[in-house]
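Please read them with the coordinates open.

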Amino acid sequence: MKKHIVFACSSGIATSTVVAEKVVEHCKENGIDVVYQQAIIGELPSLDNSVDLFVVTSQVETKLNTPLVNALPIVTGFGEEELLDKIVTLLKG
């Protein structure tokens, strides 16, 4: 199963890189092949409806159709496993 995820943060590089590594590895362990890209939050509206999931580390004010999860638990380590499992559930759903 191949899924496309966009990881987004304020700069498109820093926290989204850390989050991407953990999410991709967890997905792989759960039988999900991930294709991903990194972006800045402002790019999400132009990517809406073209990917399976947005994983963000900054606040998103825009209403989007693509499922979105805030990855702050992965950055902080509090609630990380629960969020990783939620991502797998969303992608398998």
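The points below cover the basis of the model, the sheet, the helices and the cysteines.

1. Basis. This is a predicted model: local features need pLDDT of at least 70, side-chain atom pairs count only at pLDDT 80 or more, and totals for chains, interfaces and linings use all residues. Residues are numbered from 1 along each chain as its sequence is written, and side-chain values use heavy atoms, with hydrogens and water left out. Helices (H or I, at least four residues) and strands (E, at least two) are DSSP runs, numbered from the N terminus.

2. Sheet. Four strands form an open sheet with parallel pairing, in the order E2-E1-E3-E4. E2 and E4 (68-70) are the edge strands; each has a single partner, so one side of each lacks a neighbour in the sheet. From one strand to the next, the twist averages 25°. Pairing here requires at least two DSSP bridges between two strands.

3. The E3-E4 pair. These strands run parallel and are joined by three bridges. Valine 56 sits opposite asparagine 70 of E4.

4. Length of H1. Helix H1 covers residues 14-29, 16 residues in total. At 1.5 Å a residue it should span 22 Å, and its end C-alpha atoms are 24 Å apart, which agrees. The expected span is 1.5 Å times one less than the number of residues. Glycine 31 follows H1, with a positive phi near 80°.

5. Faces of H1. Buried residues (under 20% relative accessible area; exposed is over 50%, partly exposed in between; 1.4 Å probe, protein chains only) are Ser16, Val19, Ala20, Val23, Val24, His26 and Cys27. Seen down the axis of H1, they fall within an arc of 165°, so they line one face of the helix. The arc is that of the directions from the helix axis to the C-beta atoms. Glu21, Lys28 and Glu29 are exposed on the other side of H1.

6. Packing. The cover over the buried residues of H1 includes E1 (2-9), E2 (33-40), E3 (53-56), H3 (72-76) and H4 (80-92). Contact means heavy atoms within 4.5 Å. H1 lies across E1, E2 and E3, at about 155° to E1. H4 lies across E1, E3 and E4, at about 175° to E4. Axes are lines fitted to C-alpha atoms, for helices over the stretch in contact; angles run from 0 to 180 degrees between N-to-C directions.

7. Cysteines. The structure holds zero disulfides (pairs of cysteine sulfur atoms within 2.5 Å). The sulfur of cysteine 9 has its closest cysteine sulfur 18 Å away, in cysteine 27, too far for a bond. Cysteine 9 is buried at 2% relative accessibility; cysteine 27 is buried at 1%.
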